[in-house]
Amino acid sequence: MLPRELKAEQFNGYPPQARKLVVEHLAILQLLPLSFLPSMLREMIEFDYKFPVERRALEKEIANLASLSESQRTEWLGAFERIQLSAALEHFDWVNQPAQYVEQLSSHLWTTHQQDAFRKAATDYGERLLAAVPLEQPAMPRLGITIVGQGVAATDHPLFRKLRPQGVFYTNVNPEGGLRALLDFAANRAKSKPLPYAHWYIDGGRAAAADPSLTRISYEELEPARNALLAKMQKQSDTPGNGPENLRTVMAALRPSDLAIDANSDPVLARFQLKLLSEGSGTQIFSTTFAQWAARETLRRAQPLTLVVRFAPRQRQRPMSEMISVAKQTLEADPAGSLVDGDMGAYYNWLNQQRLTGAAQGSFIAWFEEHGTAIAIGPAVPRGTTSTSSASLKQILDWSV
């Protein structure tokens, strides 16, 4: 089937808001190349479960396509039209399985040596779209907070070495009440700009008490979901003939209810948690990997105004067969190794925050939990300096944000 043959009833299997979006814009979708359209449908079919900023971006992209004249549309999408597709791709059910179609298209592009042409077409399209529809500016300067080293009594590791050139490295921080000060500061920001999914608290272990104004996810709270997923992974690995591709297919078809994730209270957050566990590598096993991947995906997708990420001790490395086992066992924690993970995670969190709009106005704080070491980065903070003066985390926040 080709795009021009599309009919509204073919989208009856889409979630309600996604179906409404498609039907409202069916006329423009019918004009798009088959090498391009399924990638857009892959986003549209998930519309009900997207964060607000993602929804607005998708709606603006569709509106922009609809506003193009025929000659402009040829200029924007002509390179996609010239991609040669196989009969198998044309007959694939790309309406209901757009993600699977995109995977098969990628394989086809490689085998037919069209990958470079497709990549150039996609890059050119992205640049035109960004010029026509600029990215949203944040409603307030962004703030990222990363907390590392939970459970570590002392360390010789040179903390925040990669971040020190960007701001002030504090060596005499009063740690008393530090975690509460950081969470309260984040909650006050959330109350001042109460936008949905704009203020987050991600914990790689057991979450501390936090104001409900913060969107919260934690590794411990998702233990039933992690165990359910590990059981499915173990079953797949124990079945003869099942390779990584089969496992990927099984995981892609999962729903929140399959992993005991309650989707009734917040279907958007439930789907996000599902994807963190089913698409992230190691998020089911290592708490530090979970915290890092959750932070990355939150920044990429929700583009929050406030993000607090707290790393917790992960289990020590063991044979994979043991780590995916859901049998009750005593797990040995590795606080020192987790501190190194968290230190690198703090750097990655700052890098990913820098990729968002308004990066120059944003601030970033990282702290060695229960200790006197911290780093502060922001427009009001001198770069590449060290402070040995006594300071509380509340004072550092007030000076930096």
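Strands E7 and E8 (residues 374-377) run antiparallel and are joined by four bridges; two strands count as paired here if DSSP finds at least two bridges between them. Strands (E, at least two residues) and helices (H or I, at least four) are DSSP runs, numbered from the N terminus. Across this pairing, Phe364 stands opposite Ile377 in E8. The two strands make a hairpin with five residues between them, and in the turn Glu370 has a positive phi of about 65 degrees.

Before going on, a word on what you're looking at. This is a predicted model, with local features needing pLDDT of at least 70 and side-chain atom pairs counting only at pLDDT 80 or more, while totals for chains, interfaces and linings use all residues. Residues are numbered from 1 along each chain as its sequence is written, and side-chain values use heavy atoms, with hydrogens and water left out.

Back to E7, residues 363-368: six of its six residues are buried, so the strand is largely enclosed by the rest of the structure. Buried means under 20% relative accessible area, with exposed being over 50% and partly exposed in between (1.4 Å probe, protein chains only). Ser363, Ile365 and Trp367 point one way from E7, Phe364, Ala366 and Phe368 point the other way, and all are buried.

Strand E1 (residues 143-148) pairs with E7 in the parallel sense over six bridges, and the bridge partner of Ile145 in E7 is Ile365. E8, for its part, is joined to strand E2 (residues 168-170) by three bridges, and these two run antiparallel. There, Val168 has Ala376 in E8 as its bridge partner.

Put together, these strands belong to an open sheet of eight strands with mixed pairing, in the order E5-E4-E6-E1-E7-E8-E2-E9. Strand E5 (215-218) and strand E9 (385-387) stand at the edges; each has a single partner strand, so one side of each is left without a neighbour in the sheet. From one strand to the next, the twist averages 15 degrees.

Tyr201 has Arg216 as its bridge partner in E5. Helix H13 (residues 287-302) lies across E4, E5 and strand E6 (306-310), running at about 165 degrees to E4. For that angle, axes are lines fitted to C-alpha atoms, for helices over the stretch in contact (heavy atoms within 4.5 Å), and angles run from 0 to 180 degrees between N-to-C directions.

Another helix to look at is H12 (residues 267-279). The expected span of a helix is 1.5 Å times one less than its number of residues. For the 13 residues of H12 that should come to 18 Å, and the end C-alpha atoms are 18 Å apart, which agrees. H12 is mostly covered, with 10 of its 13 residues buried; among them are Arg271, Phe272 and Gln273.

Then there are the rings. A search of the whole structure finds 15 aromatic pairs, where rings of Phe, Tyr and Trp (its six-membered ring) pair if their centres lie within 6.5 Å; planes under 30 degrees apart are stacked, over 60 edge-to-face and the rest tilted. Phe11 and Tyr14 form an edge-to-face pair, 5.1 Å centre to centre with 85 degrees between the planes. Phe11 is buried at 0% relative accessibility, and Tyr14 is buried at 2%.

Trp76 and Tyr125 are edge-to-face too, at 5.8 Å centre to centre and 75 degrees between the planes. This pair links distant parts of the chain, with Trp76 in helix H5 (residues 70-81) and Tyr125 in helix H8 (residues 115-132), 49 residues apart. Trp76 counts as buried at 10% relative accessibility, as does Tyr125 at 7%. Ring pairs also link Phe36, Trp76, Phe80, Phe118 and Tyr125 into a cluster.

Finally, look for charges over rings, meaning NZ of Lys or CZ of Arg within 6 Å of the ring centre and within 35 degrees of the ring normal. Lys162 lies over the face of Tyr347, 5.4 Å from the ring centre, and Arg164 over that of Phe169, at 3.9 Å.
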